[in-house]
Amino acid sequence: MPDLTRSPAWQALHNHFEQVRHLHMRDLFTQDPKRFQRYSIKLEDFLLDYSKNRITDETESLLLELARDRDVPGWITRMFNGEKINHTEDRAVLHIALRNRANRPILVDGRDVMPEVNAMLEKMRSFCDAIHSQKWRGYTGQPIKDVVNLGVGGSDLGPMMATQALHPYASRDVSVHFVSNVDENHINNTLDNLKPETTLFIIASKSFTTQDTLVNADTAREWFLQASNDTSAIAKHFVAVSNNVAAASAFGIDEQNIFKMWDWVGGRYSLWSTVGLSLAMAIGMDNFEEMLAGAHDMDEHFRTAPLEQNMPVIMALLGIWYNNFFNAQSYAVLPYDQHLRFLPDYLRQADMESNGKSVTRDGEQVDYSTGPVLFGQLGITGQHAFYQLMHQGTKLIPADIIASITNLRCISSHHRMLMANVFAQAEAFMRGKTEDEARAELEAQGITGEQLNVLLPNKIFAGNKPSNMILYHTLNPRNLGRLIALYEHKFFVQGVIWNINSYDQWGVELGKQLAQTVLGELDQDDEVTSHDCSTNGLINYYKSWRSKKV
């Protein structure tokens, strides 16, 4: 395969970009009254409208040719067939197996993984049922009222985000909490409102060696034992999601209460696995499996739809178009739903940990831009904050706007106001406001002369700011599954085109390794001299105050 930027498909896109870079979407919509119909894709009630993008039919055709040139269909097949496409760790990439509701055999090293996946789902169901039915009781005989998930990264962000997103579906009998920060304030503030005799902890660590998670687990264990004074009671109040059965057992967890993870599931894609136990505890196993079904809907769409009608492929190619040709180094995810307030955080890890790479699959340094910076916030909040830069700043920031047509508990006056903002902002990004329009508006307000001349430049909006609109009927478990899977596959396709491995994360390890060294130095009284002068100075300053017990 030729180098990306020297391939004929890339060069054709580059030449095309020079021809269309100054086209305005206003004009494109004027020229094509059916633009919405032609640039939108539906999966049942789930709609992607990508008509408000700086593309023509030729742009789309050339982008699709790039996808074929980089063998995107072949890579999709490889992933779904269980090939070890995570080549640096010699692993398959099979989060899709975790939500394979068709139960189609998926082989790893010649063995079908589905029986084990299904068995673990049944184990999760039995455990959740025991908690919710109050058959499982704590060491004093009381039922469990609070569940605390101790994890970090994908073992926290995924279930935490989804628990918030599906709050209307949550059980009122059990409250689920999440602790991820090694800062003691996080676990202290959580434990302040809990009772040891009615609290269950889930320690989510594939290796059971994750430093941040185990520090929090040790603190939770100590807090629990101060009340129970009985190490045998740990088995009633601690369970683990891990591959390291020996370490979890040594902690005091009953081996029957260790939920297996697989090495072919990356942390940021592990929500669908036993890492989702806390989520299943919150919303019930039926709703958890409905979310899996939604993800499977998108998986099947991704696997079988032609590229030109394939939502993840289209979104990925649009991202390539802006990142690599318009030099847009960031994009915004803007959910207009209070329950999705943590979705940008979750997707930020999924995208930036997956595609924040500068080395190709062949071990060569890239000479083109790869993973963009993802940021975002609730849309209504963002409108009163950073949208100013998006509308009138000097940077091009494409946006994904996400909203539901109604809510499970809808107040029509609220929702109409919300959706008015959704549609207006998308239109404002696209249309902007011309000088003539701004002048007419000011004159209609009675503003003329010098005051008009002063205000006029500030009332002009260039527009031509691209956005995708994602709409679905309701934010229910099925549509949440579809939404998350849509982005997962988008990131994969972009990694294929950039020829990078989207499923390792070696950059995450560097800081962990250095932290281990520094941690040992913090426990010693000697002055530290082994680092650069800044790091030495900061460590020694910290130690000088800690020695005074401040």
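Student: Is tyrosine 541 buried or exposed?

Tutor: This is a predicted model, so keep that in mind throughout. Tyrosine 541 counts as exposed, because its relative accessibility is 54% and the cut-off for exposed is over 50%. Tryptophan 545, at 37%, counts as partly exposed. Both residues lie in helix H23 (residues 533-546). They are four residues apart, about one turn of the helix.

Student: How many aromatic pairs does the structure hold, and how do I read one?

Tutor: A pair of aromatic rings is described by the distance of the centres and the angle of the planes. The structure holds 27 aromatic pairs. Take phenylalanine 386 and tyrosine 387: the centres are 5.6 Å apart, with 55° between the planes, and the pair is tilted. Tyrosine 387 is buried, at 1% relative accessible area.

Student: Why is the pair of tyrosine 541 and tryptophan 545 edge-to-face?

Tutor: Their planes meet at 65°, so the pair is edge-to-face; the cut-off is over 60 degrees. The ring centres are 6.5 Å apart.

Student: Which residues do ring pairs link into a cluster?

Tutor: The cluster consists of Tyr139, Phe201, Phe208, Trp223, Phe224, Phe238 and Phe251.

Student: Which charged end sits over the ring of phenylalanine 259?

Tutor: That of lysine 123, 5.0 Å from the ring centre. Arginine 38 lies over the face of tyrosine 39, also 5.0 Å from the ring centre.

Student: Now the pockets. What is the volume of the largest pocket?

Tutor: Start with the idea. Rolling a probe the size of a water molecule over the atoms shows where empty space is left. Here the largest pocket has a volume of about 960 Å³. Its lining has 37 residues, and Thr210, Gln505, Val508, Glu509 and Lys512 are the closest to its centre. Helix H22 gives the largest share of that lining, six residues. By class, the lining has twelve nonpolar, 16 polar and nine charged residues.

Student: What lines the second largest pocket?

Tutor: This pocket has a volume of about 490 Å³ and 24 lining residues. Nearest its centre lie Asp337, Gln338, Asn407, His415 and Leu418. Helix H18 gives the most to the lining, four residues. The lining divides into 13 nonpolar, nine polar and two charged residues.

Student: How many disulfides are there?

Tutor: A disulfide is a covalent bond between the sulfur atoms of two cysteines. The count here is zero. The cysteines include one at position 128, which is buried at 1% relative accessibility. Cysteine 533 is exposed, at 72%.

Terms used: Residues numbered from 1 in each chain as written. Predicted model: local features only at pLDDT ≥ 70, side-chain atom pairs only at ≥ 80, totals over all residues. Heavy atoms only, no water. 1 Å grid on protein atoms, 1.4 Å probe; cavity = no way out; pocket = protein on both sides within 12 Å on 5 of 7 lines; lining within 4 Å. Points joined across faces, edges and corners; volume = space filled by probe spheres on them. Helix = DSSP H or I, 4+ residues; strand = E, 2+ residues; numbered from the N terminus. Nonpolar A, V, L, I, M, F, W, Y, C, P; charged D, E, K, R; others polar. Disulfide = S-S within 2.5 Å. Buried < 20%, exposed > 50% of the residue type's maximum accessible area, 1.4 Å probe, protein only. Phe/Tyr/Trp six-rings, centres within 6.5 Å; stacked < 30°, edge-to-face > 60°. Lys NZ or Arg CZ within 6 Å of the ring centre and 35° of its normal.
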